[in-house]
Amino acid sequence: MNSSIFSLILAWLTKQITTLINHKDNTKKSDKTLQAIQRVGQAVNLAVGRFVKVGEAIANENWDLKEEITIACIEAKQAGETIAALTDVSTPNRPESGGQITIFTDKTGVIKAARLLLSSVTKVLLLADRVVIKQIITSRNKVLATMERLEKVNSFQEFVQIFSQFGNEMVEFAHLTGDRQNDLKDEKKKAKMAAARAVLEKCTMMLLTASKTCLRHPNCESAHKNKEGVFDRMKVALDKVIEIVTDCKPNGETDVAAISIFTGIKEFKMNIEALRENLYFQSKENLSATLEAVLERTEDFTDSAYTSHEHRERILDLSAHARAELQQLASVWLQAQSKRTKSIAEELELSILKISHGLNELKKELHSTATQLAADLLKYHADHVVLKALKLTGVEGNLEGLAECACKFSEQKEQLVETCRLLRHVSGTEPLEITCIHAEETFQVTGQQIISAAETLTLHPSSKIAKENLDVFCEAWESQISDMSTLLREINDVFEGRRGEKYGYLSLPKPMKNNANLKSLKPEKSDSEEKAKIAKLGLKLGLLTSDANCEIEKWENQENEIVRYGRNMSRMAYSLYLFTRGEGPLKTSQDLIHQLEVFAEEGLKVASSAQAFSKQLKDDDKLMLLLEINKLIPLCHQLQTITKTPVQNQGLLKVDKCITKTRSMMAILVQLLSLCFKLLKKLQMENNRWVSVTNKDSVDGKT
């Protein structure tokens, strides 16, 4: 049970107890009233009983907190029983002044029991929260330990085994942190958690291909640099998650991020508006310093090489105007302190309105500059020409072309990084500020990694894994460009007052970040819990495709039918994983259904090929393989049935079922590929032995 459920129980108990305590003593106590009070008391006691059982279960699993939780549970149980006893008015024909003590004769007792109950329940809630934090820290430590083993691995076989364990640990960590993110009340922390989890999700895929490239090309410096970059970023993200859940920074560091211009303007306006109530609220020097600090940050716009001449001149003019208006305000303010006349008060009000209007104009200009630049950049880079050129030079092994493309790509990266910095100033809310910082860091880091991945491919142009690695990093870049488009829309919505503080985070879990994928499936607003569930299923599916690819890599004959159809299934499953994130080639419900139909057909082809292979095996091996095949075939038919069944107004439910079924099929595919590979090796060894013996017999016969 997570802390949000505990919180709901606490809120419900508080409401019920308030109902009991606030009943009117002077009202006539009809049978209906008495029965209602008794039902409330019994309901409270039953709820406390269930709550205590959960608390005791948590205590048994956490010995370090067992004593504290047990004591709190005992107190809660006693308080619940006391409330039930005091509200028990079931004795028939009992006079009001009879000997039984009830809520009507001992209201103080009920209040005392209620306080004890709420206190003990709150204590269990806080202890349960500590348990959740401990679980997240333990899970993080397991992930880190496995990452250290992955960094040191030297053989491909060992890497496959460890990465499989790493994938399972990452899924567990994603579940724990996803629940924690949903529980967080602080929107700023929520956005930070979303950003950290987004890094971990994307880097899990990058880590697989970067590590495989390193193993395939152990002497390639750019491959090692590429891999190290992924590991470093994941470690930072893991530390960030722990900072958020424990609410503390390592070595007592503090968050010293610069205040954005919009935040600075908001604070300044609050300060000058406070003069209406208190002329001595603060000094002229402090007010002037606050404005200068805001205007100093506008240099990020005016010094930028990407700001147009018209925008730059307008920003400088509005900044100078704001300084002049503050001087005028200061003069009137000084007069108002010595003269309390109506005309001076009106003049002060006019000065406050003028400077507020001027700052609003500055905000509009800064917003227009940043969002126009972002929109132009997104439009210009929509076709990803530079990325395509980088891939082409890599496949051709063109080192000169690589240098030229890398230079252009670095310039594009710097433009996007600077644009994110400007967008942060005009984002309008702290969560959106954090998302801008996340986007800036992602472009900076991923941009460098793409260049190192392209360099590796250029040095090894025939390497399939080096090409796959570059593709994965390029997909991450394209995904961040897509996220930036959503971010820009969010910033415009906040500026124009179409949206409030809360918004959909551009991070994990983000199953349908722009809802485009589900538009035709479900026109109504989607259920967030169902979407989060689909996102988790999608992450598991993504990791299973990695496991399948690792099994496929082992086969020497990549044109083997089992391998070919298995690879097709893995690619389609990866597209489905991207769909759960609102990314990739699948855009509509029809795209999804068609992909699932083809996926089921490919599954049947894998089963058919494996059956043909089983005819070459001995009875025991054949039986073992047929058992795995017989697990896959029914799932293929079930998926075909689901895709053909219309589900009225339940699009998310259908997606959920499809992804669950696909995940089950991929899990069996991984097992099937592994088993077929082992049986094929065994068959080859037996055939080689038979050939060797036959040759020996032939030689002996001739002799």
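This report describes the helices, nonpolar cores and selected residues of a predicted model.

## Overall make-up

The protein contains 21 helices and zero strands. Of its 703 residues, 49% are buried. Among contacts with a separation of 6 or more, 78% are between residues 24 or more positions apart.

## Helices α5 and α6

Helix α5 covers residues 156–183 and helix α6 covers residues 187–216; their axes come within 11 Å and cross at roughly 175°. Because angles over 145 degrees count as roughly antiparallel, α5 is roughly antiparallel to α6. Sorted by class, the contact of α5 with α6 has 13 nonpolar, six polar and four charged residues.

On the α5 side, the residues that meet α6 include F156, F159, F163, F166, M170 and F173. Further along α5, the list also includes A174, T177, G178, R180, Q181 and N182.

α14 packs against α15 at an angle of about 175°, and the axes of the two are 8 Å apart. With that angle, α14 is roughly antiparallel to α15. The contact of α14 with α15 is made up, by class, of 16 nonpolar, five polar and seven charged residues.

α15 (residues 430–459) also packs against α16 (residues 464–495), here at an angle of about 160° and with axes 9 Å apart. This angle is therefore enough for α15 and α16 to count as roughly antiparallel to each other. The crossing in which α15 passes α16 is left-handed. In the contact of α15 with α16 there are, by class, 19 nonpolar, nine polar and two charged residues.

## Nonpolar cores

The largest nonpolar core has 105 residues, and F166, M234, L423 and I450 are those with the most contacts inside it. Helix α16 gives the most to this core, with 13 residues. A second, separate core has 45 residues, including A548, V606, L617 and L675. As a general background, nonpolar side chains in soluble globular proteins tend to be buried together.

T419 is found in helix α14, which spans residues 399–425. T419 counts as buried because its relative accessibility is 0%. Not counting residues up to four places away in sequence, T419 touches A370, L373, A374, L377 and M484.

F677 lies in helix α21 (residues 651–702). F677 has a relative accessible area of 16% and is therefore buried. With neighbours within four places in sequence left aside, F677 is in contact with K554 and W555. The C-alpha atoms of F677 and E556 are separated by 9.8 Å, although the two residues are 121 residues apart along the chain.

## K66

K66 is placed in helix α3, residues 66–86. The relative accessibility of K66 is 23%, so K66 counts as partly exposed. The cut-off for buried is under 20% relative accessible area.

Residues up to four places away in sequence not counted, K66 touches A59 and N60. K66 and L127 are 61 residues apart along the chain, and their C-alpha atoms are separated by 9.7 Å.

## H384

H384 lies in the loop between α12 (342–380) and α13 (385–396). Its phi is near 55°, a positive value in a residue other than glycine. In general, most residues other than glycine have a negative phi. At 16% relative accessibility, H384 counts as buried because the value is under 20%.

Definitions and conventions. Residues are numbered from 1 along each chain as its sequence is written. This is a predicted model: local features need pLDDT of at least 70, side-chain atom pairs count only at pLDDT 80 or more; totals for chains, interfaces and linings use all residues. Side-chain values use heavy atoms; hydrogens and water are left out. Axes are lines fitted to C-alpha atoms, for helices over the stretch in contact, and angles run from 0 to 180 degrees between N-to-C directions. Helices (H or I, at least four residues) and strands (E, at least two) are DSSP runs, numbered from the N terminus. Angles under 35 degrees count as roughly parallel, over 145 as roughly antiparallel, 65 to 115 as roughly perpendicular and the rest as oblique. A crossing is left-handed if the near helix is turned anticlockwise from the far one by less than a right angle, and right-handed if clockwise. Ala, Val, Leu, Ile, Met, Phe, Trp, Tyr, Cys and Pro count as nonpolar, Asp, Glu, Lys and Arg as charged, and the others, Gly among them, as polar. A nonpolar core is a set of buried Ala, Val, Leu, Ile, Met, Phe, Trp, Tyr and Cys residues joined through side-chain atoms within 4.5 Å. Buried means under 20% relative accessible area, exposed over 50%, partly exposed in between (1.4 Å probe, protein chains only). Contact means heavy atoms within 4.5 Å.
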